[in-house]
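User: Hi! I would like to learn how to read the pockets, contacts and backbone features of a protein model. Could you take me through one?

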Amino acid sequence: MNKKKLGFTTRQLHADGHNKPLHAHAMPIFQTSTFWFDSPDHGAALFAGEAEGHIYTRLGNPTTEALERVLASLEEAEEAVVFPSGLAAIQGSTLPFMKQGDHLISGDTLYGPSLSLFGDIFANYGIPTTFVNTADPDEIKKAIRPETKFCFLETPANPTNKITDIKVVSDLCHESGVKIIIDNTYATPYNQTPLTLGADMVIHSATKYLNGHGDVIGGCVIGKTEDTEVVRNYRTGTGPVSSPFDSFLYLRGLKTLSMRMERHNANGLAVAEFLEKHPDIDKVMYPGLPNDPGHETAKRQMKGFSGMVAFELKGGYEAAKELLNNTEIFILAVSLGTVDSLIQHPASMTHAKVPKELREMQGLTDNLVRLSVGCEDTDDLIEDLETAIQKAKAVVGV
Ligand SMILES: Cc1ncc(COP(=O)(O)O)c(C=O)c1O
């Protein structure tokens, strides 16, 4: 193949490499903890980095490495390092570069436990975090200190879909020697490639769209080799590796990412448009809607707007609870990015531990409902929501 740059779907299907062990077509699951050596000299050469091969699965595993090749290719990066969860990936992308006294800037709108990782756990180790509204670059500028190492943010951000201009913020951070990490879980590399816009590293909760089938907890850090080598050594030295079976499932899920994302993008937009016109809905947060404050930036940096939709139902938390109780297709569960649709209530679930003042600052109200719009037939999803809204209205009387 001599085409300079292969398309996304071709890369998603072929970047794991054709030369698989024993002429296998699909990458086998190397469910082994260790690998035998031909001789003591062979073992010594492997340990010395003078021979190619595998030693022990914490140090490297062929199934996980095949997955890493695909992830790097899709994010247009040099390398990817797989972790057993998204939170482990966030820790792996930051902690090995930091020491006590360093400082972090983080978006104020993040997955709840990511906020706690920075605000509670890192703080306990003497690494403070300043949380800012990254949609306003001036806020980042003001927060930068001489000891600031990273700016970490999600765009679109969980759960309100706040959009940050990746290029503007990357340029701004680089002027002060601060590296920027984007959590690209919501968008996926199909819709947005932050590294091509200037970001230094990308992380994913691969539990979500990358795997897509809701059967794996996984994560990854993706970027330039000079950074991913540090991340990989940290992973080897501290131990959070993916099980080969999980890597296999996650690699298999990736084979259909572009096809799934086209469908998530179309269904997400259709559901957001339906809700926006609905008389019982106060507000819809979806970057694909022309009225959304992040729409212009999202249009520049995203190819599609994904399947995550947040909205406020008239009638407060009581109405939201009734809605959640009455959907039949949307499954009441946290997580997101699965082929089937999910519905949840961030203020009492994924973001329950975020202090109420911070939730309010982010626009995360008690009647905000979050949808992960799946790949079902669009009409069925809309009818399911309409029926549940009417039932909620009948009970709460909005
Ligand atoms: C945007 C985002 N980042 C990170 C995470 C953490 O990922 P994991 O649950 O795989 O550790 C999540 C989980 O929901 C998430 O939504």
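User: What is 2.9 Å from a polar backbone atom of G86?

Analyst: The idea to start with is a polar contact, meaning a pair of N or O atoms within 3.5 Å; within protein, one must be able to donate a hydrogen and the other to accept it, and residues adjacent in sequence count only if both atoms are side-chain atoms. Here, an oxygen atom of the ligand lies 2.9 Å from a polar backbone atom of G86. A ligand oxygen is also 2.9 Å from a polar backbone atom of L87. The protein covers 92% of the 390 Å² of accessible area that the ligand has on its own (Shrake-Rupley method, 1.4 Å probe; for residues, only the protein chains shown count as cover).

One note on reading: this is a predicted model, where local features need pLDDT of at least 70 and side-chain atom pairs count only at pLDDT 80 or more, while totals for chains, interfaces and linings use all residues. Residues are numbered from 1 along each chain as its sequence is written, and side-chain values use heavy atoms, with hydrogens and water left out.

User: How many residues surround the ligand?

Analyst: A residue counts as near a molecule or strand if one of its heavy atoms lies within 4 Å of it. By that rule 13 residues surround the ligand, the closest being L87, D183, S205, T207 and K208. By class, this shell has three nonpolar, seven polar and three charged residues (Ala, Val, Leu, Ile, Met, Phe, Trp, Tyr, Cys and Pro are nonpolar, Asp, Glu, Lys and Arg charged, and the others, Gly among them, polar).

User: Which residues that line the largest pocket are closest to its centre?

Analyst: Rolling a probe the size of a water molecule over the atoms shows where empty space is left. The space taken by the ligand is the largest pocket. That pocket has a volume of about 330 Å³. Of its 22 lining residues, G86, Y111, S205, T207 and K208 are the closest to the centre. Helix α4 (86–94) and strand β6 (201–205) each supply at least two lining residues, and α4 gives the largest share, three residues.

The terms work like this. On a 1 Å grid over the protein atoms alone, a cavity is a set of points where a 1.4 Å probe fits but cannot get out, and a pocket is an open set with protein on both sides within 12 Å along at least five of seven lines; lining residues have an atom within 4 Å of a point. Helices (H or I, at least four residues) and strands (E, at least two) are DSSP runs, numbered from the N terminus.

User: Where is P156 found?

Analyst: Most residues other than glycine have a negative phi, and most peptide bonds are trans. In this model, P156 lies in the loop between β4 (148–154) and α7 (166–175), and the peptide bond from T155 to P156 is cis, with omega near -10°. P159 is in the loop between β4 and α7; the bond from N158 to P159 is cis, with omega near 5°. E76, in the loop between α3 (62–74) and β1 (79–83), has a positive phi near 55°.

Terms used
A molecule sits in a cavity or pocket if more than half of its atoms lie within 2 Å of its grid points. Grid points are joined across faces, edges and corners, and a volume is the space filled by probe spheres set on the points.
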